[in-house]
Amino acid sequence: APQEARPPRPLTPSDLGPDNSNNPPPTNDMRTAAQRGILLHSLFQRLPDIEPVRRVAVADRWLEKQKAITNPNERKELIETTLAVLENPEWAALFDRKSLAEAPIAAVVGENVISGTVDRLLITDDHIYVVDFKTGRKVPDRIEETPVAYLRQMAAYVSALEKIFPGRPIQTGLLYSQPPQMLEISKELIERHKPGLDRT
């Protein structure tokens, strides 16, 4: 029988090797912050499909009934943080019904199969916009100061999207929720952190 070719190696953008950020053992505050981040991600995913006039009521009911957030002030803070992002006119296209939430993508790039899920993906006839949500309370002053794992993750997404949509420009960003701020990632940074390049 003929020798079978070795299949491409799987590569997950959210787990691309060592990070340059400090990762101490989690404290209670860190666990609380992680849970807050999960709730914000869920609200970013769900609320864009809800009519704007109903978003506060729907989010408040979901947090109380489904997630057992009994403190009304805590629910209010989560909702206000989410709406500050969703209602920012600069990012309106990212959250309209033409964009995709939790969009799975996969492509063979070189010797790797890149497979992952992007937080928000906007596809138009002339460009692609891919964004990852970050819910930490500290926003880096410059995109170059973000953890290198974030840059590798976004560069891997771009590599996959370039195979899926050849020739279409791809814009990338990290959207921090508090305070609401978008950090655009330059093409040079993306190229530097693409899979298969020297990561040292």
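Which residues lie nearest the centre of the second largest pocket? Here are some notes to read beside the structure, which is a predicted model.

1. Start with that pocket. V158, E162, I170, K187 and I190 lie nearest its centre, and they belong to a lining of 13 residues. The volume of this second largest pocket comes to about 170 Å³. If you want to find the lining on the fold, look at α4 (148-164), β5 (170-177) and α5 (187-192), the elements that each give two or more residues to it. Sorted by class, the lining has five nonpolar, three polar and five charged residues.

2. Now the helices. Two packed helices are described by the angle between their axes and the distance between the axes. Take α1 (residues 28-46) and α2: the angle is about 140° and the axes are 12 Å apart. That angle is why α1 counts as oblique to α2. Their crossing is right-handed.

3. Who touches whom here? From α1 come L39, S42, L43 and R46, while α2 brings A59, W62 and L63. This contact of α1 with α2 has five nonpolar residues, one polar and one charged.

4. Next, follow α2 (residues 55-65) to α3 (residues 72-86). Their axes come within 10 Å and cross at roughly 135°, so α2 is oblique to α3. Helix α2 passes α3 in a right-handed crossing.

5. In this second contact, R55, V56, A59, D60, L63 and E64 of α2 meet R75, L78, I79, L83 and L86 of α3. By class, the contact of α2 with α3 has seven nonpolar residues, no polar ones and four charged.

Methods: Residues are numbered from 1 along each chain as its sequence is written. This is a predicted model: local features need pLDDT of at least 70, side-chain atom pairs count only at pLDDT 80 or more; totals for chains, interfaces and linings use all residues. Side-chain values use heavy atoms; hydrogens and water are left out. On a 1 Å grid over the protein atoms alone, a cavity is a set of points where a 1.4 Å probe fits but cannot get out, and a pocket is an open set with protein on both sides within 12 Å along at least five of seven lines; lining residues have an atom within 4 Å of a point. Grid points are joined across faces, edges and corners, and a volume is the space filled by probe spheres set on the points. Helices (H or I, at least four residues) and strands (E, at least two) are DSSP runs, numbered from the N terminus. Ala, Val, Leu, Ile, Met, Phe, Trp, Tyr, Cys and Pro count as nonpolar, Asp, Glu, Lys and Arg as charged, and the others, Gly among them, as polar. Axes are lines fitted to C-alpha atoms, for helices over the stretch in contact, and angles run from 0 to 180 degrees between N-to-C directions. Angles under 35 degrees count as roughly parallel, over 145 as roughly antiparallel, 65 to 115 as roughly perpendicular and the rest as oblique. A crossing is left-handed if the near helix is turned anticlockwise from the far one by less than a right angle, and right-handed if clockwise. Contact means heavy atoms within 4.5 Å.
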